[in-house]
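Take a look at the structure below.

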Amino acid sequence: MIQHDVVIVGAGLAGMRCALEACKELDVAVLTKVYPSRSHSGAAQGGIAASLGNVEPDSWEEHMYDTIKGGDFLNDQDAVEEYVKAAPRVIYELEHMGCIFSRTSDGKIAQRSFGGHSKPRACFSADRTGHAILHALHEQLMKNAKSVKIYNEWYMHSLIVDGDRCNGVVVSNVQTGEVEVLQAKAVVFATGGYGRVFKITSNAFASTADGVMAAFDVGLPLEDPEFVQFHPSGLYRQGILFSEAARGEGGYLLNGNGERFMEKYAPSRMELAPRDIVARAEQSEINAGRGVNGEDCIHLDLRHLGEARIMERLPQIRQLGIDFIGVDCITDCLPIQPTAHYSMGGIPTDKHCHVIRDEKGTRMNGFFAAGECACVSVHGGNRLGTNSLLEAVVFGERAGRSALEYAVGIDYGNVNEGQEKAKVLEKLEDVYQRDGSESYNDIRNEMKEVMMTHCGVFRDEEKLKICIETLKGLQERFKKGKVTDKGKLFNTEIYEVLELGNMLGMALIIASAALERKESRGGHFRTDFAIRDDANFLHHSMVFNSPEGPVIKKKSVVITKHQPAERTY
Amino acid sequence: MATFRIKRFNPEKQAEPYFEEFQLDIPSGATLLDCMNLIKWTLDGSFSYRMSCRSAICGSCAVKANGHALLACQRQAEHIVDNDETITLEPLGNMKPVKDLVVDFTPFWDKINKVKPYLEPGEAPPEKERRQSQEEFLLIDDSSTCIMCGACYSDCNVLEVDDNFLGPAALAKAQRFVGDSRDSQTLERVKELSEPGGIWDCTHCAECVERCPKPARPFDRIKEIMTVALEKGVHNNNGARHALSFFNSVKRSGNLNENRIPVESMGFFNIPGLLSLIPVGLRMFLKGKVPPIIHHSIDEVDDVKRIFKELDQ
């Protein structure tokens, strides 16, 4: 049995920032199913929000209000306040660690506009901000290699819990296939999102709900899973991301008639309205037959920005367009469509990153979560662009601090190594032995398709019921699949099957919560209940596991400074 | 219908790798990675490789296609098929294969770690951000785009014969800090990077620039470190002496004094080094490869001197 004071699962921004905090006093392990530098935080492009005021005067109060309005008033405002107040400090700290930022003419961190933010507050490093921060944090981990051990290419199967305490995780070394038990005084999840359940997504192949489902499987609830963000500018058909920075720098959205259609949907903010509004506007245009050439895409037009600005501020997305579809955005428009991008929901935590196990906020001891896999909730029903990198860094640090404070004063809990290992080995053996007639590829594709068409940008009761039935059918077929690789060494097929199992579970949770929420708020839009209904739905959804399937309870929203108001842009 | 000729290897099953062919209709607009996934998901689930982001930023899916390293997600498959409608896929070079297209990255990361890949600021930070001009940012912008995919490492010609060479990725990472106005260890860094295995062991083939899927272009970064090393007076090594001797010879005569360069590269007082040249010299003599004893300037040497003078200004 391997022992570490603190075990962090996930090595993106939240996981690594967490490790840097916890390793100040404790022995820390970071577990990742890829390598730290391959984490999906690195794909974030446009920026990280903070009211530095380097370009225009700004304040945390404005950042707070923008975030809450952007989230359609479902955010927990006490958490939002602490989060936006911490923003400038954590960004200065990143800069001090060596993170590279684009600069203003007087050498300060440059800032630009982003959707839903009333001030230019996105600090950025060209159009690869996530990459810059990810590598800066990885550099710091390499510097602190004595107190942080990184387990590259290890897969986490399950949480080890004993009553109301978490004692470790069961993991596999992907390279050897060996199953190991990792005992810890504190476990932190920073496992990212689950956008792969949708057909069109910006997410990496690794974003498959492993963390959230491991929590759900030990009886913990998931909060607000119905709130999934569709990013307005995914590359047509592929879904990969073209940064919102393209619109922040002044890009236009055009429908098939060449019209800047955002005039109709958000006249004051135009292309820089929050993402849920822009994505719905795009989908409405497409559904009305006004896509480009009648297809399911609209145009992102950057031509008027000019070559110099594109090369300075958006070089990477220009290259993406050239490499992936042979379109140079200096001379031509990019075809885009809404793409599943970010999970506002996740493992419920309090504002100190302690995972909570019920709607009353009771803590699960020794278990913490931060970043996209967690739901604090600072984003409410819809996250503003550049707020996710900030969330990962602010709450990554907090999770590290909380885990440290918890683990310093406590001994290891009881772990029955043989029993924990046997449970996972049994599950693995079941998958290895599957020799049915179903194709996992078909099951995966059908899940992604039904989630996109029936639980996507626009939802209604009928579609969601069909979606849930389809998913239940897929879960049955999942048991009758076929595995061809029976080896232990670097068996990626086995992990893909496990990931698919997690995604099928998560998809059902998303659709079930979406069916229950009979209103439209933020990223969740019901065509049969097209307006926000504060009287009946100003609460968080808490989804619990039960033998009959997901059960949904309510958790109240923390409102301190801003009463819910009409949300127009 | 295209043929994917894939190098398969599973040490649990066979001792040696072998090639296996798969036939696939390349869907319109499919990347190479899309095709690899189709093969895995519809033809042979045991086909193993790394992948994650699909957008050329995570660096997982670097493989060799038709003999050269590239990112599978970044290329349209139909752009890679050769004249025989075939794409040959192999694991990256200069690293040990683990299974199929998966290789062991341990030596790659060990070398990244060797260059102290983190900022070493001299003094306590200010309350807010350190100031850095846009020009200073641009000095480290390119190297910061490295995604650690290993494509350069795979195809580096020096690494093929010299395991001790840090390699293009680690040296590009080193430039990220050598060039950073916020770092206090520039001199110490370039001294260490001038040791054997460092910048001067690069043979300037620029293969890494060809293979780099990002603007990191390692050889360009290596040249930048060389420039800083020479400017900082870190001359006490064969590589720097060789570069300076080369430079001075061209400046003086317009061509290379091939008798002088090896001696100057070793250093006049480096007796063991000079003695080590003798066997090479003898072999050259026996094969009739010794350059003329008396070194002549080229006819247009004045023009060369004028060029140097203008460059100086």
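Between chain A and chain B, about 5200 Å² of area is buried, and carbon and sulfur atoms give 50% of that. Buried area is the accessible area (1.4 Å probe) that two parts lose on being put together, summed over both. In chain A, the residues that lose the most area to chain B are A:Arg38, A:His96 and A:Phe205; together they make up 15% of what that side buries.

This is a predicted model, in which local features need pLDDT of at least 70, side-chain atom pairs count only at pLDDT 80 or more, and totals for chains, interfaces and linings use all residues. Residues are numbered from 1 along each chain as its sequence is written, chains are lettered from A in the order in which they are written, and side-chain values use heavy atoms, leaving out hydrogens and water.

How confident is the predictor? The pLDDT is its confidence in each residue, from 0 to 100. Chain B averages 94, and 100% of its residues score at least 70. The model scores ipTM 0.95 and pTM 0.96.

Back to the interface. Here 58 residues of chain A are in contact (heavy atoms within 4.5 Å) with 65 residues of chain B. Six salt bridges are counted between chain A and chain B. A salt bridge is a side-chain nitrogen of Lys or Arg within 4 Å of a carboxyl oxygen of Asp or Glu. One joins the side chains of A:Asp485 and B:Lys99, at 2.7 Å from N to O.

Now look inside chain A. Over all chains, the rule gives 17 aromatic pairs. Rings of Phe, Tyr and Trp (its six-membered ring) pair if their centres lie within 6.5 Å; planes under 30 degrees apart count as stacked, over 60 as edge-to-face and the rest as tilted. The rings of A:Phe189 and A:Phe367 have centres 4.9 Å apart and planes at 90°, so this pair is edge-to-face. A:Phe189 lies in strand E9 (residues 179–189) of chain A and A:Phe367 in strand E17 (residues 363–369) of chain A, so the pair ties together parts 178 residues apart in sequence. Strands (E, at least two residues) are DSSP runs, numbered from the N terminus.

Finally, find A:His562. It sits in the segment after strand E20 (551–556) of chain A. Which residues does A:His562 contact, leaving aside its neighbours within four places in sequence? They are A:Met64, A:Tyr65, A:Ile68, A:Phe73 and A:Gln77.

Definitions and conventions:
pLDDT is the predictor's confidence in each residue, from 0 to 100. Helices (H or I, at least four residues) and strands (E, at least two) are DSSP runs, numbered from the N terminus.
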